[in-house]
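These are my notebook entries on a two-chain model. I kept to what could be looked up in the structure itself.

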Amino acid sequence: MIDFIVHRFVHALFLLLLISVVVFVVIDLPPGDYLTSRAAELERQGSQNAELQLRGLRERYGLDRPLYVRYWLWVSNFVQGDFGESFEYQRPVKDLIGDSLLLTVVMSVLTLIMSWAIAIPIGVYSATHKYSLLDQLFTGISFFGLAIPGFLLALILMVISVYVFGVPIGGLFSAGMDKQPWGIPKVLDLLKHIWIPVLLVGLSGTAELIRIMRGNLLDILNQQYVQSAHARGLSAQVVTWKHGVRMAINPLISLIGLQLPSILSGSIIISIVLSLPTTGPLLYRALRVQDMYFAGSFLMLLSMMLLIGNFLADVALAWVDPRITYR
Amino acid sequence: MSAAMGNPNDSSEYPVPTNAPDGQDWVSLSQGQLIWRRFKRSRIALVGGVVLLAFYLSAIFADFLAPYEISTRFTNQIYAPPTPPRFLDSESIFHSQPFIYKMKQTINRATLEIAYAPDFSKRYPLRFFVKGDPYKLLGIISSDIHLFGTGEKDVPVFVLGSDRQGRDMLTRVLVGSQVSLTLGLIGVAIGLILGSLLGVVSGYFGGPVDDLVQRFAELLLVIPQIPLWMALAAILPVTWSSLQVYFGITIILSLLTWGSLARQIRGKTLAMREEGYVLAAHAAGASHWWIITRHLLPNNASHIIVVATLAIPYMILGETALSFLGLGIRAPMTSWGVLLEEAQNVQTLIFHPWLVIPAILVILTVLGFNFVGDGLRDAVDPYSR
């Protein structure tokens, strides 16, 4: 088991290295980004103060140095917690990220939990009541859930809320609460608001889970050991849950690793539409003005979150399913 | 999976002889015919297929079907509501030729709200094959004949309403479908070539090649796609023409989607590598290239087609999301996502709900591909009943 964990950990580190290269390419590639234009501007000014600032920038980002030096500078600073500077806000990236990353994590985890809590019972019901009216209803809804773009759903919801409540929904906190320090009232306030975006983000993932769970369980319920369990006179409940669901759920655990990226992606778009204080709108803004160090740090941090999630999912799977071999 | 392990000689695999020609008591069907037979059984997949076919056909002939050109503006008709063709006039008298009334614009001076009311004084019949804005069908055939229109410059027909600049929504939806529908196809085609080749190579050779390809495929699976898409789309140079951006976006979407395909095909290839016919080909002295292209790829073909069909909607949704955020297709080109960008504002959406029509088309397209993909998956599996 330890071997397995170490193996997966090394694997994750390697992936992180690859991701950092990709992210750096994204940062370094655009010709007209903030950093280059700012350096050019300082050069034009030519005053002593500008000269000094320019030298500082060159040293910090290795502007005149070869690519691999720039990469190294960026990575080594990143590891030490220095994510560079946002040129748009003229502040260190670290200060700007603030709560947004935490809120993104909370939203993603809640979405994951919610989609499992909804999908598993529905999937089990659909499989045990194949082709019943409810099953067909769920199938229809889940097809629709897969087809509708999340941002559209968010928009529709906003329109409905304007009609019903007179004000568009949005935000994660009540007015004034967002500036308060963290505490139990703030957490409760967050929970009161977060369920709407969580439902929106989770819809397509939940739809997919329902379909996979239904398919898996149908396969398993046809197997002989399930039939023999029935023949031994066990109750349908016990057979479904102990013999069926336990087996059908295993492959789903390995799916968590793949679900997280799409949950994160969905949360970003929906956050932009509903202007929630998560990483989504910040990343979006940074990208639109090509504030690349800011955007790059987000990409990197989001990827790291995913890798951690993946790693945990792998370990959980190995722990739950004794048939997994540890390499 | 294990449910598919049937006896290969199971009779359900073979067609039951029907209408055999010339007194023969058997018919032979090609693999394609067999798949078509099984595909036809799924009603919903057929419906999906028909819808898709209609969408693609209208995309091909969009310039002809659309009454105007995408940039034609009617500046005194902004945000005009949809006006379906009428058969009954204001006095409930039936006319065999469809017609419309001119929409008279009134502006509320206090709120600056624009309202439209039909002007019942004169009927404007809709003419078919009417002369209008010049266009080039498929970029080749020059013409100025449109399927329908009023034929009068100052009386536009807005079947689906008009937008912020007084442009016909139907025209924009039709022309936009060219981008939205092709982008998915081209993107998946590129992703397919990369994914199937790399997947087969990776599964066939194994070892370090396999490791390398799989690490890269995994990288694409764990990286959060939308943010990366956004980042890559955002760094496309602003100086690019809209056609270059279109291809840029297509390549970005496809580069990031071959990963899952490569993984699935690798798995299949790994299983096939030890099969008798591959070993036999080896023994007969066939080259790696020959084995990959003549044995492994064709055997994966049905699987590849299914995965591709299910990947297209994903790409369409990706493009829609990017364009919706203003990071995708740029003017003068348009796509369903670009059109939806105008529906971003809740107030606009409440007053001009017809702006959301492109979204309905996106949903229908995605549903269509999902149904066809599901139908195909069952149809290509020879053990399905």
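**Confidence.** I began with pLDDT, which is the predictor's confidence in each residue, from 0 to 100. The model is predicted, so I noted the thresholds that apply: local features need pLDDT of at least 70 and side-chain atom pairs count only at pLDDT 80 or more, while totals for chains, interfaces and linings use all residues. Residues are numbered from 1 along each chain as its sequence is written, and chains are lettered from A and ligands numbered from 1 in the order in which they are written.

For the model I recorded ipTM 0.79 and pTM 0.81. Chain B has a mean pLDDT of 79, with 92% of its residues at 70 or more. Helices (H or I, at least four residues) and strands (E, at least two) are taken here as DSSP runs, numbered from the N terminus. On that basis, confidence in chain B is highest in helix α2 (residues 43–60) of chain B, at 89, and lowest in strand β3 (residues 114–125) of chain B, at a mean of 77. Over residues 1–13 of chain B, pLDDT stays under 50, and the model has seven contacts beyond four places in sequence for them; a contact requires the C-beta atoms of two residues, placed from the backbone, to lie within 7 Å. Where pLDDT is low, the predicted coordinates should not be read in detail.

**Interface.** I then looked up the chain–chain contact, in which 33 residues of chain B touch 41 residues of chain A. On the chain B side, α5 (207–222), α6 (225–234), α10 (288–324), α12 (346–351) and α13 (357–380) each supply at least two residues, and α6(B) gives the largest share, eight residues. I sorted this side by class (Ala, Val, Leu, Ile, Met, Phe, Trp, Tyr, Cys and Pro nonpolar; Asp, Glu, Lys and Arg charged; the others, Gly among them, polar), and found 28 nonpolar, three polar and two charged residues.

**Strands of chain B.** Two strands pair if DSSP finds at least two bridges between them. An open sheet of three strands runs in the order β1-β2-β3 (chain B), with antiparallel pairing, and its edge strands are β1 (86–88) and β3 of chain B, each pairing on one side only. Two bridges join β1(B) to β2 (residues 94–107) of chain B, and Arg86(B) stands opposite Phe99(B) in β2(B). Elsewhere, seven bridges join the antiparallel strands β4 (residues 127–137) and β5 (residues 141–149) of chain B, where Val130(B) stands opposite His146(B) in β5(B). This hairpin has three residues between the strands, and Leu138(B) takes a positive phi near 55 degrees there.

**Helix packing in chain A.** Which helix of chain A meets Phe294(A), Ala295(A), Phe298(A) and Leu302(A) in α13(A)? I found that α12(A) does, through Thr279(A), Leu282(A), Leu283(A), Ala286(A) and Leu287(A). The residues of this contact divide into eight nonpolar, one polar and no charged. The axes of α12 (residues 279–288) and α13 (residues 292–320) of chain A come within 8 Å and cross at roughly 140 degrees; axes are lines fitted to C-alpha atoms, for helices over the stretch in contact, and angles run from 0 to 180 degrees between N-to-C directions.

I also looked up α6 (residues 100–128) and α9 (residues 184–221) of chain A, which pack at about 35 degrees with their axes 6 Å apart. Their contact holds 20 nonpolar, seven polar and one charged residue.
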